[in-house]
Amino acid sequence: MAGFRSLARQVRDQRCDTALRRYSLRKCLERFAPYGHRATWDHLCHRHGFGPDDRELDPARLVAALEELEEARAVWLAYEEGFAARRRREKHGGLRALGALDDWHRDVWGGNGVVRCGDPAVHPTDPLPQVVRRLVTALEHGPGEACPGCSGARIAWGGTGDGDWYGPVCADCGVEVPRAALTPGALARARGVRARPLVPAA
């Protein structure tokens, strides 16, 4: 199975036809998709001006989308490296138990769904690297009052598109907010707000 970097080379390979290059970009999302596969694809299509089903398009748009994805991935991989180093130090010091944030992190290892959006059409509009940096900053500073994806404070409790999530959801950008990323007060306020259908942010 091809890895992210191998697929990225195919996206850039001018000898390949455009359909294969597009397919390779889609396959990259199986290795790294911050919003989840479908929502990340929707984001890249909107940001770089091609349709989700376009087979023949300007290859430069595909490469620009890949570059955005690669930059976001580099931010996340640097965070994961620091996280792994911290866990090694903790284990060496005798601390084996994982906290709530560590449990969440284990579920998103590699970067799939780190700022997951249950509705593929509702996600942050900012560039992926910016959103992932915001998330990393939030994780490094501990639980906060706002959404780590867009810094919005309108967080409601409920489910999203695929039915696999029930918890805090950002009403501004559609991100399913990890419970461990919110303070007890923010979680309590979110529980008191019933989620309404989200409006596409992109």
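# Helices, charges and rings in a predicted model

Helix α3 is followed by Gly-49, a residue whose phi is positive, near 70°. The structure described here is a predicted model. Helix α3 itself covers residues 37–48, and its 12 residues should span 16 Å at 1.5 Å a residue; the end C-alpha atoms are 17 Å apart, which agrees. Its buried residues include Trp-41, Asp-42, His-43 and Leu-44, together with Cys-45 and His-48.

Helix α4 can be examined in the same manner. For its 34 residues a span of 50 Å should result at 1.5 Å a residue, and the separation of 49 Å between its end C-alpha atoms agrees with this. At the start of α4, the backbone nitrogen of Ala-60 is reached to within 3.0 Å by a side-chain oxygen of Asp-58. Just after α4, Gly-94 adopts a positive phi of about 95°.

A positive phi also occurs at Ser-151, about 70°, although this residue is not a glycine. Most residues other than glycine have a negative phi. Ser-151 is found in the loop between α6 and β1 (155–159). With a relative accessible area of 45%, Ser-151 is partly exposed.

Arg-12 is found in helix α1 (residues 4–12), and its relative accessibility of 35% is why it counts as partly exposed. The C-alpha atom of Arg-12 is separated by 8.9 Å from that of Ala-60, although the two residues are 48 apart along the chain. Beyond residues up to four places away in sequence, Arg-12 touches Arg-21, Val-63, Leu-66, Glu-67 and Glu-70.

Arg-21 lies in helix α2. This residue is buried yet has no salt bridge, and the nearest side chain of opposite charge, Asp-13, is 6.9 Å away. A polar atom of the Arg-21 side chain does, however, lie 2.6 Å from the backbone oxygen of Val-11. Among the residues that Arg-21 touches are Gln-10, Cys-16, Pro-59 and Leu-62.

Asp-13 has a salt-bridge partner in Arg-15, the closest N and O atoms being 3.0 Å apart. Asp-13 counts as buried because its relative accessibility is 19%, whereas Arg-15 counts as exposed at 75%. The structure holds 10 salt bridges. Another of them joins Lys-27 and Glu-30, at 3.1 Å from N to O; Lys-27 is partly exposed at 21% relative accessibility, and Glu-30 is partly exposed at 39%.

A further salt bridge brings together the side chains of Arg-116 and Glu-176, 2.8 Å from N to O. This pair links distant parts of the chain, 60 residues apart: Arg-116 is in the loop between α5 (100–107) and α6, and Glu-176 is in the loop between β2 (166–170) and α7 (184–191). Arg-116 counts as partly exposed at 27% relative accessibility, while Glu-176 is buried, with a relative accessible area of 5%. Elsewhere, salt bridges that share partners join Lys-27, Glu-30 and Arg-31 into one network.

The aromatic pairs number four. Trp-157 and Tyr-166 form an edge-to-face pair, 6.4 Å centre to centre with 85° between the planes. Trp-157 is buried, with a relative accessible area of 11%, whereas Tyr-166 is exposed, with 55%. Ring pairs also link Trp-76, Tyr-79 and Phe-83 into a cluster.

Technical notes
Residues numbered from 1 in each chain as written. Predicted model: local features only at pLDDT ≥ 70, side-chain atom pairs only at ≥ 80, totals over all residues. Heavy atoms only, no water. Helix = DSSP H or I, 4+ residues; strand = E, 2+ residues; numbered from the N terminus. Buried < 20%, exposed > 50% of the residue type's maximum accessible area, 1.4 Å probe, protein only. Contact = heavy atoms within 4.5 Å. Expected span 1.5 Å × (residues − 1). Phe/Tyr/Trp six-rings, centres within 6.5 Å; stacked < 30°, edge-to-face > 60°. Lys, Arg positive; Asp, Glu negative; His and termini not counted. Salt bridge = Lys/Arg side-chain N within 4 Å of Asp/Glu carboxyl O. Polar contact = N/O pair within 3.5 Å; in protein donor to acceptor, adjacent residues only side chain to side chain.
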